[in-house]
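Here are my notes on the model you sent over. Have it open while you read, and go through the points in order.

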Amino acid sequence: MLGLNKRDFTLLLIVIALAGLAPFLLNPFPEGSAMAQFNAGYPDLMQKFVIYGIFAIGFNILFGLTGYLSFGHAAFLGVGSYSCVWMFKLLGYNVMPGILLSILTSGIFAYLIGVVSLRRSGIYFSILTLAFAQMSFALAYSVLSNPKFNLTNGETGLQVYSNDPQWLHSADKPDLPHLFGLSMRATHEMQLGAWEFQFNVGYYLCAVIMVAAFYLSIRIFRSPFGMMLRAVKSNNTRMYYTGLNARPYTLAAFVISGMYAGLAGGLLSAVDPLAGAERMQWTASGEVVLMTILGGTGTLIGPVLGSGLIKYFENIFSKINDSVLHSWFSFLPDGMEDFMVTIVHPFVGKGWHLTLGALFVLIVIFLPGGLVQGGQKIRGLFTGRTEAEQAAADANQSTPAE
Amino acid sequence: MDAIILQILNGLDKGSAYALIALGLTLIFGTLGVVNFAHGAIFMLGAFCAVTLSKILTLSYLTIDETQVDFLGNPLKVKTPYVEHWFGQDVGAALIDWAVPLAILFSIPVMIAIGVIMERGLIKHFYKRPHADQILVTFGLAIVLQEIVKYYFGANPIPTPAPDMFRGSFDFSTFLGFEPNSVIYPIWRLIYFAFSALIIGAVFAFLQFTTFGMVVRAGMADRETVGLLGINIDRKFTIMFGIAAAVAGLAGVMYAPINAPNYHMGMDFLVLSFVVVVVGGMGSLPGAVAAGFLLGILESFASTTWATTTIPGINQIIIYLVAIIILLTRPRGLMGKKGVMED
Amino acid sequence: MGILEVKNVNKRFGGLQALGNVNLSIRENTVHAIIGPNGAGKSTLLNVLIGKLIPDTGSVMFDGQSVLGRQSYEICQMGISRVFQTPEIFGDLTVLENMMIPIFARRDGAFQMNVIGAATNEKTIIEQAEHVLESLNMADKRYFHSASMSRGDKRRLEIGMCLSQNPRLLLLDEPTAGMARADTNNTIDLLKQIKDERDITIAIIEHDMHVVFSLAERITVLAQGSPLVEDTPDKIKGHPKVREAYLGESA
């Protein structure tokens with residue numbers, strides 16, 4: 001189907017189902033119940049799930065296939081965001097030109113950075129990309145924001161003002177990002193008993209794009225090009241002694257993954273027309289790395305799972321405050337309760353980044369293969385097969401895959 | 001001419017910090033083969049050693065002076081630091097005033113301990129893992145460290161002044177035969193530079209003239225062979241990690257009066273120090289030091305009003321631009337050795 | 001005039017003369033072995049032959065073109081394939097994928113880097129790769145994770161990968177190092193078969209005299225960085241200088 005083998009097609013169907021039914025799946029708890037705080041089925045958060053999913057899928061094309069660890073991918077996200085807002089300012093609030101331009105500019109940007117960074121591999125490459133990202137951040141934050149030449153609007157962030165030209169804007173169109181007149185914020189609410197589900201235009205646009213991005217990534221993974229990239233990761237020496245210069249391949253992967261990041265950045269602006277430099281900071285680059293390794297580097301579904309989990313936990317953890325903690329541990333004796341609250345407190349609320357860092361360390365130590373590999377291990381326990389046998393069996397089912 | 005000398009002097013303090021951090025990075029990379037993304041966090045912890053000591057020294061108790069009133073008409077509350085209570089007012093006040101230099105003594109054991117715990121507890125297990133894993137785990141560690149500091153010290157910079165007698169500026173002009181007040185330079189920065197030079201000299205001397213240093217240098221050249229000689233190289237490398245941590249920590253302690261420490265100063269310096277290491281040449285200690293000072297001075301020239309009005313914000317990106325140019329022309333860096341981190 | 005001509009090559013490392021005035025000519029369609037005691041300069045010579053190391057003086061010409069200073073992929077595109085001491089294969093990939101990559105790299109008789117072109121004829125590439133695997137008796141292992149195979153199988157795969165590109169010169173660096181006896185014999189048989197079936201020049205650097213004397217048609221003996229003698233295996237066996245420098249010690 002669609003040029004995919006059976007397993008990959010099933011995977012695609014699962015992702016489509018997850019994305020399509022997300023408003024139901026993410027709101028399992030009735031409105032007003034104590035558990036409702038764990039619901040995630042509202043537009044803002046669901047949009048983040050799929051947008052960061054795209055970002056991580058793209059990152060995985062580079063890191064998962066070639067093994068080149070970029071620490072500067074947030075730069076492309078930021079470039080995409082700025083491009084999209086500029087389209088809003090110049091042309092009007094239709095998101096299509098903005099999204100297309102964000103893919104294009106981030107692609108060009110990725111090419112320029114890639115040409116320089118890919119001259120070296122390994123650690124050098126990581127450091128170079130990190131340096132480029134920090135430079136882009138400095139550019140966006142201050143250099144390109146001065147009275148003479150204001151491209152990024154510095155600290156305030158780039159946004160649309162009423163005196164912007166917006167050449168294509170007409171009075172009948174909404175004064176907010178829209179897709180050919182359909183506002184990104186339009187939300188249909190559905191009441192089912194105690195449950196409430198929200199269907200948001202912005203979310204579904206992002207979800208459709210995410211599914212397309214996911215499909216493309218499967219095709220890349222299964223293509224000869226993907227095989228070449230895995231060969232680069234596996235053994236660069238043999239690659240060169242096979243008469244192949246690896247650089248055009250890695251550069252192509254770098255640009256593709258930069259374009260994915262740009263697309264994600266464009267979508268971030270499309271659902272909320274404000275672009276700030278903080279999107280380019282190294283923490284954002286680190287976050288996408290974590291999403292990918294949490295899910296499973298080099299696996300298809302891993303980045304989608306990883307980004308969803310991270311964004312979900314970010315949201316939930318940030319909401320927890322001391323009174324919530326006290327209610328959780330209220331079953332303990334008083335002294336113990338306070339003690340537990342003191343221990344957990346630094347990790348929640350504003351301390352989300354501490355949790356993120358700790359998670360980073362723990363995953364790299366204990367689960368370097370991510371959730372997907374963890375799942376395979378558990379599956380192995382039940383079927384009594386080792387991982388190698390499992391992999392061999394998997395390989396036998398699909399043709400030249402895995 | 002005087003302006004040029006002034007800018008060179010201005011670049012020395014940042015250059016010293018870059019050089020010290022880059023030196024530690026190179027030592028760790030050369031001996032252990034690990035790129036330590038947490039090294040900036042160690043620098044930051046050093047600065048917070050100074051903050052902590054000055055906080056400890058100023059721990060105070062309150063007494064109420066009935067004879068005086070504050071501006072609201074309430075009896076005046078007088079804060080008295082415990083150290084003044086214990087050692088008398090003069091000695092106590094001097095101790096508080098000298099918190100930063102005292103923090104040097106305080107930080108050396110603390111930083112060595114932190115370094116050794118880091119190496120034994122975490123990084124040791126990553127020698128055989130891919131470089132990507134090493135980067136990721138130290139990166140995570142850096143986030144954890146800086147978030148812990150943020151949790152206890154808050155997000156705002158904490159001013160930590162130098163001792164009173166070093167707070168002024170020094171006028172170089174008459175020495176150099178210029179008009180008075182054309183080349184004035186804060187004394188503390190001068191001390192910082194001298195201190196850094198001392199540490200750099202000490203590290204080099206240590207590597208050059210001690211047996212320990214000889215083994216470490218041999219280990220940097222060829223780790224496996226030294227291991228075969230029956231020398232317990234791992235233990236030596238642990239100590240090396242502790243030393244590198246102490247160097248970065250001291251750089252941080254002394255930097256506290258120059259820029260009020262905040263929790264993310266480590267990462268800001270780390271990225272630039274990496275650039276310094278890459279420009280100097282991966283694995284080359286003299287390269288790291290030279291490139292550190294070079295880039296620090298370049299940055300200071302780019303920060304002059306003339307430069308920033310010609311190209312706005314050039315001071316923020318000059319280091320990266322130079323790094324790109326150098327990498328395009330000399331891929332191995334200024335003093336890089338062949339075979340270090342090559343395909 | 002040989003296919004590979006090494007002329008007046010000198011290489012110094014600091015105070016050590018690694019190669020001293022090496023002249024070597026490898027004739028087309030022969031199996032040429034280069035032997036010598038440890039430290040004789042075999043590895044240095046090999047690195048010079050594949051352009052990885054640039055000699056201080058002298059030239060290395062392959063089929064009339066200099067190989068010096070070229071990138072490794074360019075050397076390979078000239079028609080030189082290299083088999084490493086430890087098999088260099090794509091360990092994370094399956095055996096079939098390993099075989100597909102060199103075929104992709106060299107299709108229709110020329111090296112093509114075009115990614116999109118590669119996507120269109122994947123089926124024929126798979127067929128060709130399976131064909132090569134069959135000729136290596138490895139067809140049943142095609143979905144194996146290649147890193148999990150035995151050393152002998154890895155070597156077999158590596159040689160197969162090199163041959164699938166139809167090189168004119170195959171360089172082997174101690175192809176049986178670290179192998180069990182059975183694997184060694186299998187490798188010798190495979191190389192004999194290649195020699196019989198194809199028009200190919202093989203240069204082999206080897207320690208194991210059993211391998212050398214079962215395969216080589218000509219042998220160059222290196223000692224202290226310079227060629228001592230070059231002759232047929234029978235003559236080399238009885239050569240007094242060689243006995244003194246090399247065989248005398250090992251026998």
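1. Let's begin with a sheet. In chain C, six strands form an open sheet in the order β6-β9-β10-β3-β11-β12, with mixed pairing. Strands here are DSSP runs of E, at least two residues, and helices are runs of H or I, at least four residues, numbered from the N terminus. Two strands pair if DSSP finds at least two bridges between them. At the edges sit β6 (80-83) and β12 (226-231) of chain C, each pairing on one side only.

2. Before going on, a word on the ground rules. This is a predicted model, where local features need pLDDT of at least 70 and side-chain atom pairs count only at pLDDT 80 or more, while totals for chains, interfaces and linings use all residues. Residues are numbered from 1 along each chain as its sequence is written, and chains are lettered from A and ligands numbered from 1 in the order in which they are written.

3. C:H32, for one, has C:R218 of β11(C) as its bridge partner. Helix α1 (residues 42-49) of chain C packs on the sheet and touches β3, β9 (169-173), β10 (201-205) and β11 of chain C. The direction of α1 makes about 150° with that of β9(C); such angles run from 0 to 180 degrees between N-to-C directions, with axes fitted to C-alpha atoms, for helices over the stretch in contact.

4. Now to chain A. Helices α2 (residues 43-66) and α6 (residues 201-222) of chain A pack at about 20°, their axes 9 Å apart. α2(A) and α6(A) are therefore roughly parallel to each other (angles under 35 degrees count as that). Residues making the contact include A:I54 and A:I57 of α2(A) and A:M210 and A:F214 of α6(A); contact means C-beta atoms, placed from the backbone, within 7 Å. By class, the contact of α2(A) with α6(A) has 15 nonpolar, four polar and no charged residues. (Nonpolar is Ala, Val, Leu, Ile, Met, Phe, Trp, Tyr, Cys and Pro; charged is Asp, Glu, Lys and Arg; the others, Gly among them, are polar.)

5. Which chains share the most contacts? Of the two pairs of chains in contact, it is A and B. There, 32 residues of chain B are in contact with 37 residues of chain A. On the chain B side, α6(B) gives the largest share, 14 residues. That side has 25 nonpolar, four polar and three charged residues.

6. Finally, chain B and chain C do not touch, and their nearest C-alpha atoms are 12 Å apart.

Conventions: Angles under 35 degrees count as roughly parallel, over 145 as roughly antiparallel, 65 to 115 as roughly perpendicular and the rest as oblique.
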